[in-house]
Amino acid sequence: MYSMSTRLSAPRTGSAAPNGAAGSFRPGTAAPQAASEARPASTPHALPADSDERTRDRVLNAVLEHGPVSAAELGDLLGFTPAAVRRHLDHLSRSGVIEVKRVAKAGAGAGRPARRYVLSSQGQSRLGDDYLDIAGLALQRLGEVAGPDAVREFAVERFADMERRYAPEIEAAGPDITARAQALSAALSRDGFVASAASIEAKAPLPAALSSVQLCQGHCPIQQLATRFPVFCDVETELFSRLVGVDVRRLSTLARGGHVCTTHIPTGRPAAKGPAGPGHTTDSLGEVSNHLQERP
């Protein structure tokens with residue numbers, strides 16, 4: 001969701017370091033790796049007292065960006081030993097900023113679901129919820145006085161700035177839908193949404209027109225606000241549809257309890273020509289617009 005000038009700040013996951021030193025966490029960045037926990041262990045010397053906190057920030061960042069992710073996958077990503085990464089995961093779990101999801105492996109039958117780590121709702125809220133309470137009260141009052149259409153108009157105005165900033169970058173990516181989705185992902189990540197775009201190619205005998213990109217957002221600075229006012233998710237989805245040039249579908253949202261916001265972007269059709277203004281949806285195959293099918 002649109003950041004509304006919300007600043008991302010780190011949850012404190014450990015005790016204060018000497019002289020007030022503390023690790024800091026920013027989505028999309030990584031703290032220095034603690035040498036004693038990398039593979040292989042390189043030094044027997046004592047590390048600074050705040051090294052654990054910096055390392056936990058790095059683990060938390062990886063969970064945010066790659067979740068749901070297993071402990072083994074985190075170890076491979078960060079170069080940590082299994083024991084080290086589990087120690088930090090246990091600490092973050094006790095702190096309430098991450099949680100375990102049981103995820104069934106594709107094609108694994110009826111076996112036991114695997115343990116995967118994701119950011120918890122508490123962790124999401126601690127990453128940035130400045131002014132959300134007062135904003136929620138203000139929007140509630142706006143709806144009472146002027147009606148729900150006024151809240152929607154407010155959301156459209158807030159997203160208009162994002163559209164103005166993103167449109168030139170996405171147009172520069174050309175007509176290819178996958179390239180446009182990747183440009184959108186990069187722009188979102190720059191604004192703190194921890195976004196990624198994964199291509200899903202349709203395999204025979206499925207037609208190539210079923211290929212798609214899944215655009216994921218690991219962080220929503222106004223998640224609590226969007227939970228109370230789903231119109232923010234609706235307007236954001238409309239924005240994505242206009243920017244990439246095809247009708248898109250919202251599969252999950254943080255506001256509705258998902259571990260990420262996921263948007264399905266079909267790539268097997270050409271992008272619509274010409275810019276579209278707010279409120280317009282793209283139905284290049286004559287379909288009924290489905291971008292509001294999943295309301296968070």
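Predicted model: local features only at pLDDT ≥ 70, side-chain atom pairs only at ≥ 80, totals over all residues.

Colleague: How many helices and strands does the chain have?
Modeller: Helices (H or I, at least four residues) and strands (E, at least two) are DSSP runs, numbered from the N terminus. By that rule the chain has nine helices and six strands.

Colleague: What percentage of the residues are buried?
Modeller: Buried means under 20% relative accessible area, exposed over 50%, and partly exposed in between (1.4 Å probe, protein chains only). The chain has 296 residues, and the buried share is 46%.

Colleague: What span does α1 reach from its first C-alpha to its last?
Modeller: The expected span of a helix is 1.5 Å times one less than its number of residues. α1 has 16 residues. Its reach is close to the expected value, at 22 Å.

Colleague: How many of the residues of α1 are buried?
Modeller: The buried residues of α1 include Ser51, Glu53, Arg56 and Leu64. α1 is largely enclosed by the rest of the structure, because its buried count, out of 16 residues, is 12.

Colleague: Why do the buried residues of α3 line one face of the helix?
Modeller: The buried residues of α3 (residues 82–95) are Ala84, Val85, His88, Leu89, His91 and Leu92. The arc is taken from the directions from the helix axis to the C-beta atoms. Seen down the axis of α3, these residues line one face because they fall within an arc of 160°.

Colleague: Which residues are exposed on the other side of α3?
Modeller: The buried side of α3 includes Leu89 and Leu92. On the other side, the exposed residues are Ala83 and Arg94.

Colleague: What is the volume of the largest cavity?
Modeller: On a 1 Å grid over the protein atoms alone, a cavity is a set of points where a 1.4 Å probe fits but cannot get out; a pocket is an open set with protein on both sides within 12 Å along at least five of seven lines; lining residues have an atom within 4 Å of a point. Grid points are joined across faces, edges and corners, and a volume is the space filled by probe spheres set on the points. The structure holds one cavity of 30 Å³ or more. The largest cavity has a volume of about 30 Å³.

Colleague: Which elements each supply at least two residues of the lining of the largest cavity?
Modeller: The lining includes Val63, Leu64, Val118 and Leu119. The elements that each supply at least two lining residues are α1 and β2 (114–119).

Colleague: Which residues lie nearest the centre of the second largest pocket?
Modeller: About 240 Å³ of space lies in this pocket. Its lining has 16 residues, and those nearest the centre are Glu65, Gly67, Ser196, Cys216 and Val260.

Colleague: Is Val194 buried or exposed?
Modeller: Val194 sits in the loop between α7 (177–190) and β3. Its phi is near 50°, a positive value in a residue other than glycine. With a relative accessible area of 11%, Val194 is buried.

Colleague: How far apart in space are Leu225 and Ala135, C-alpha to C-alpha?
Modeller: Leu225 is found in helix α8 (residues 223–228). Leu225 and Ala135 are 90 residues apart in sequence. In space, their C-alpha separation is 7.7 Å.

Key:
Residues numbered from 1 in each chain as written. Heavy atoms only, no water.
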